[in-house]
Amino acid sequence: MNIPNYVEAKSTDKRSYKRVDFEFDKKIKNKYRGKKFFLKTYGCQMNEHDSENIEALLEYLGFEKVSDYYDADLILLNTCSIRENAHNKAFGMLGRIKHLKSEKKNLIVGLCGCMAQEASVVDEIMRDYRFVNFVFGTHNLHELPNILDKAITEDKQEIEVFSREGDLVEGVPVVRANSYKAYVNIIYGCNKFCTYCIVPYTRGRERSRLKEDILKEVDELIEDSYKEITLLGQNVNAYGKDIYEDYTLGNLLEDIAKKDIPRIRFMTSHPWDFTDSMIEVIGKYPNIMPSVHLPVQSGSNRILKLMGRRYTKESYLELFDKIKKIVPGCAISTDIIVGFPGETEEDFKETLDLVEKCKYDNAFTFIFSKRDGTPACKLEDKVSMEEKEERLQRLNEVVNKYFLENNKKLENKEVLVLVEGVSEKKKMYFGYSETNKLINFSASKNLEVGSIVKVKITSAKTWSLDGVLVE
Ligand code: SAH
Ligand code: SF4
Ligand code: F3S
C-alpha cells in the first residue's frame with residue numbers, strides 16, 4: 001500500500017527520473033475476457049488522454065467497454081480535483097455506485113486521476129468507502145493491470161498512489177477516442193504553483209518527453225491518417241526547459257509543422273513562458289492553427305501577485321497584442337477566476353476592463369474554489385458567495401458580448417472546417433474552424449468525417465456559427 005503525502009508532493013527539490021519503455025505483464029493478458037468495464041472521465045484533456053491509455057490497458061486484460069454503468073463488472077472513475085464541484089461529482093457518483101454494489105456483490109470499483117493524489121480523499125475512501133476496491137494515482141497509471149489484478153485476486157482494498165512522479169514511461173498503449181484528431185502529451189506536471197491551484201500537487205513537477213518520442217508518435221499518427229494533433233501539457237510553453245539547453249516549444253512546433261499534418265494545436269500556454277520566437281513560429285506555418293489559449297485569471301495586478309501568476313495586466317496585454325500582430329487572424333481564449341480571496345470591486349473592475357480590451361474569442365470563467373493544501377486556502381476570504389456569483393454573472397455578460405461580436409465578423413466569410421459528424425439535434429454537419437469555433441453547416445452531398453472543407457458562414461451566434469458548404 002502507498003498513500004499520498006502532501007509534503008512530498010509539494011517539495012520542489014530536484015528530482016531524477018528515467019525514461020523507460022512500458023511492458024505488459026504477459027501473465028495477465030486476457031485474464032478477464034468477457035468482463036465489461038465502464039470508465040467515467042472528469043476534468044481536462046490530460047485526463048481524457050489518460051483515459052485513452054486506461055482503456056487500452058483494460059482491453060489488454062480482456063475487458064470490453066460499455067456505456068452504461070449498470071452493465072459493468074468494473075466501474076472506474078478518472079477524477080479531477082480542480083474545483084470543489086468536480087470533487088463533489090465524483091463522490092456523488094461513488095454514492096450511486098454504493099447502492100449498485102449492494103445489489104451486485106461482485107462489482108469491482110476503482111478510483112484514479114487527480115483526486116487519488118489527495119491524501120484527504122484517500123483517507124476518506126479508506127474510512128468511509130470500503131467498497132472501493134482499488135485506487136491508483138496519476139504517476140502510476142501504467143501499473144493499472146497489476147493493481148487491478150491484485151485487488152481482485154487478494155480481495156482487499158488496494159491503494160497504490162505515489163506522491164512523487166516516477167519514471168517517464170513511454171509506449172503506454174492507447175485506444176484513441178477519435179480517428180482524425182489526437183492528443184499528444186509533450187510535458188507532464190507543473191512548476192508554477194499558482195497559489196489557488198492543486199495541479200502541481202496532483203501532477204508533479206514538469207517533465208518533458210524527449211523530442212524523438214514525440215516526433216515518432218506524430219509520425220505514427222500521420223501514417224494513420226490523423227488530421228489534427230493537439231500537443232498537451234499544463235504549460236506547454238515550458239516544454240524542453242527541464243531537459244534541453246536550446247530546444248523549446250517553438251522548435252518542437254516547427255519540427256512538427258514541417259510534417260504532413262494539416263492541423264496542429266497546443267494547450268495550455270502560461271503567459272510567463274511565451275517567447276517571441278514561439279509566436280513567430282505560430283505565425284509562420286499555416287498548419288499551426290491561429291488559436292491560442294492564454295489564461296489571464298485576473299486583470300488586477302494586486303490579485304495577480306497574490307495568485308503568483310508572475311505577470312502584470314500590462315505585460316499580459318503587451319503579449320496579447322504581440323500575438324495578435326504576428327499571428328494573422330489569431331483567436332485568443334482565456335480562463336478567468338472571480339472571487340479570489342480579498343478581491344475587491346476595484347480589482348474585479350480591472351478584470352472587466354481587461355476583458356473589454358482583449359475581446360476574447362472564448363473564455364472559461366470560474367468562481368474561486370478553495371483547494372486543500374494550496375496557499376490561497378489560508379488567505380482571508382471576506383467576499384460573500386452571493387457577491388462572487390454576481391461578479392461571475394457580470395463577467396459572463398461581457399465575455400459573451402464579445403464572443404458574439406467576434407463571430408459576427410465571420411458572417412459571409414469562408415472558413416475551413418474539419419468535419420466531425422452530423423449533429424443529432426440539428427441534422428447538420430458540424431466541425432471546428434481553424435480558430436476553433438464550432439460551425440454547424442448544411443451540405444447537399446455526403447461528407448467524410450475527418451475531411452477539411454470550406455464553409456460559408458451565414459449567421460453567427462454566441463457559441464457557434466451556421467453556414468453552408470462551399471462546393
Ligand atoms: N495549466 C493551465 C490551467 C489548468 S486548470 C493554465 O495555467 O493555464 C484550468 C483553469 O481552472 C485555470 O486556468 C483556472 O482558471 C481554473 N482554476 C484552477 N484552480 C482553480 C481554483 N482553485 N478555483 C477556481 N478555478 C480554478
Ligand atoms: Fe495550475 Fe498555475 Fe500550473 Fe496552470 S500554471 S496548472 S493554474 S499552477
Ligand atoms: Fe482536473 Fe487534474 Fe486536469 S485536477 S483539470 S484533471 S490536471
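Is N436 buried, partly exposed or exposed, and what is its relative accessible area?

Modeller: N436 is partly exposed, with a relative accessible area of 41%. Buried means under 20%, exposed over 50%, and partly exposed in between, for a 1.4 Å probe and protein chains only. This is a predicted model, where local features need pLDDT of at least 70, side-chain atom pairs count only at pLDDT 80 or more, and totals for chains, interfaces and linings use all residues; side-chain values use heavy atoms, without hydrogens and water. Residues are numbered from 1 along each chain as its sequence is written, while chains are lettered from A and ligands numbered from 1 in the order in which they are written.

Stay with N436. The residue sits in the loop that links β18 (429-433) to β19 (438-442). Helices (H or I, at least four residues) and strands (E, at least two) are DSSP runs, numbered from the N terminus. N436 is not a glycine, yet its phi is positive, at about 70°. Most residues other than glycine have a negative phi, and most peptide bonds are trans.

Q297 also has a positive phi, near 75°, and is not a glycine. Its loop runs between β14 (291-293) and α10 (301-307). Q297 is buried, at a relative accessible area of 7%.

T268 belongs to the loop between β13 (263-267) and α9.

Take α9 (residues 276-284) with α11: they pack at an angle of about 30°, and their axes are 9 Å apart. Axes are lines fitted to C-alpha atoms, for helices over the stretch in contact, and angles run from 0 to 180 degrees between N-to-C directions. The angle makes α9 roughly parallel to α11. Here under 35 degrees counts as roughly parallel, over 145 as roughly antiparallel, 65 to 115 as roughly perpendicular, and the rest as oblique. The crossing of α9 and α11 is right-handed. A crossing is right-handed if the near helix is turned clockwise from the far one by less than a right angle, and left-handed if anticlockwise.

On to α8 (residues 249-257). It packs with α9 at about 20°, with axes 8 Å apart. So α8 is roughly parallel to α9. The crossing of α8 and α9 is left-handed.

Next comes α11 (residues 313-326) with α12 (residues 345-358). Their angle is about 15°, and their axes lie 11 Å apart. They are therefore roughly parallel to each other. The crossing of α11 and α12 is right-handed.

Now the ligands. Around ligand 2 stand C190, K192, F193, C194, Y196, C197, V199, P200, Q234, H270 and R309. A residue is near a molecule or strand if one of its heavy atoms lies within 4 Å of it. This shell divides into 7 nonpolar, 2 polar and 2 charged residues. Ala, Val, Leu, Ile, Met, Phe, Trp, Tyr, Cys and Pro count as nonpolar; Asp, Glu, Lys and Arg count as charged; the others, Gly among them, count as polar.

Ligand 3 has C44, N47, C80, S81, I82, C114, R203 and Q234 around it. Here the shell holds 4 nonpolar, 3 polar and 1 charged. From this shell, C44 is partly exposed, at 30% relative accessible area.

The structure contains 0 disulfides, a disulfide being a pair of cysteine sulfur atoms within 2.5 Å. C112 is in no disulfide, and the nearest cysteine sulfur, that of C114, is 9.6 Å away. C112 is buried, at 1% relative accessibility.

Y180 lies between β8 (168-170) and β9 (181-185) and is buried, at 8%. Y180 and Y32 are 148 residues apart along the chain, and their C-alpha atoms are separated by 30 Å.

E143 is in the loop between β6 (134-136) and α5 (144-154). At 29% relative accessibility, E143 is partly exposed.

K29 falls in the loop between β1 (19-21) and β2 (36-41). K29 is partly exposed, with a relative accessible area of 48%. K29 and L57 are 28 residues apart in sequence, and their C-alpha atoms are 9.7 Å apart in space.
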